[in-house]
Amino acid sequence: MAYQLLCGRFPFDDRNNPQAPALSMVWRSIISEEPSFTRSGWQDISQPAKDFCKALLNKDPRSRPTAREALEHPWLRKGNARQRLQGTQLNQVVQRLQRYNQQNVFKKTVLDMMANELLSRHMARIKQAEEDEVAGAAAAAAAVQDQGGSLPSTAAAAAGGGSEQQQEE
């Protein structure tokens with residue numbers, strides 16, 4: 001959020017299609033790319049502010065500061081607000097806050113897409129497991145019948161067959 005508030009952009013995105021980002025490209029960016037501190041919006045941001053954002057966006061969780069450590073960062077602790085904003089005009093910060101609020105809609109959409117994708121995958125795995133179970137039971141039933149044996153009632157029911165008594169019920 002600090003990155004986005006300071007420069008007005010998300011640190012990770014679909015660079016090929018920023019207006020309608022593909023979820024897979026955003027994930028790829030998160031995993032494989034480093035955030036840029038040279039794109040537009042960063043030219044007037046102080047080096048300590050950039051260092052703060054770099055520390056928070058460190059991909060290695062062991063190296064990333066805790067919340068308490070982040071609050072102790074020199075950019076937040078030393079100087080005053082004017083020094084922290086060094087060169088950044090207040091109206092730019094206000095505009096970035098407004099854009100951030102608008103982009104929360106994007107964030108919600110991305111999170112909804114992720115949840116739907118995960119749910120779809122989970123449901124597909126459940127369906128596949130059920131189909132595999134029915135196919136396994138049918139194969140077992142066919143193997144038993146081929147050998148001239150009788151099926152236990154649960155295997156026969158799973159295979160779509162059943163004893164005459166079960167069919168009458």
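Predicted model: local features only at pLDDT ≥ 70, side-chain atom pairs only at ≥ 80, totals over all residues.
Start with the overall make-up. The chain is built from nine helices, with zero strands. Of its 169 residues, 21% count as buried. The chain exposes about 12,100 Å², and carbon and sulfur atoms supply 54% of that area. As for how the chain folds back on itself, among contacts between residues at least 6 apart in sequence, 54% join residues at least 24 apart.

Next come the rings. Four aromatic pairs turn up in the count. One of them brings Tyr-3 and Phe-37 together edge-to-face, at 5.4 Å centre to centre and with 75° between the planes. This pair ties together distant parts of the chain: Tyr-3 belongs to helix α1 (residues 2-7), while Phe-37 lies in the loop between α2 and α3 (47-56), 34 residues apart. Both ends are tucked away, with Tyr-3 buried at 3% relative accessibility and Phe-37 buried at 12%. Ring pairs also bring in Trp-42, giving a cluster of Tyr-3, Phe-37 and Trp-42.

On to the charges. Side chains of opposite charge can pair when their charged atoms come close. Across the whole structure, three salt bridges are found. Arg-39 and Asp-13 make one of them, at 3.7 Å from N to O. Here again distant parts of the chain are linked, since Arg-39 is in the loop between α2 and α3 and Asp-13 is in the loop between α1 and α2, 26 residues apart. Arg-39 is buried, with a relative accessible area of 17%, and Asp-13 is buried with a value of 17%.

Arg-62 and Asp-60 form another salt bridge, their closest N and O atoms being 3.5 Å apart. Arg-62 is exposed at 76%, whereas Asp-60 counts as partly exposed at 25%. In the bridge between Glu-117 and Arg-121, the closest N and O atoms are 2.6 Å apart. These two residues are about one helical turn from each other, because they are four residues apart in helix α7 (residues 90-146). Glu-117 is partly exposed at 34%, and Arg-121 is partly exposed at 47%.

Last, the surface. Trp-27, Ile-30 and Ile-31 make up a nonpolar patch there, with about 300 Å² of accessible area together. Ile-31 sits in helix α2 (residues 23-32) and is exposed, with a relative accessible area of 64%.

Technical notes:
Residues numbered from 1 in each chain as written. Heavy atoms only, no water. Patch = residues over 30% accessible without salt bridge, like charges linked within 9 Å, V, L, I, M, F, W, Y side chains within 5 Å. Areas by Shrake-Rupley, 256 points an atom, 1.4 Å probe, with all protein chains shown as cover. Salt bridge = Lys/Arg side-chain N within 4 Å of Asp/Glu carboxyl O. Buried < 20%, exposed > 50% of the residue type's maximum accessible area, 1.4 Å probe, protein only. Phe/Tyr/Trp six-rings, centres within 6.5 Å; stacked < 30°, edge-to-face > 60°. Contact = heavy atoms within 4.5 Å.
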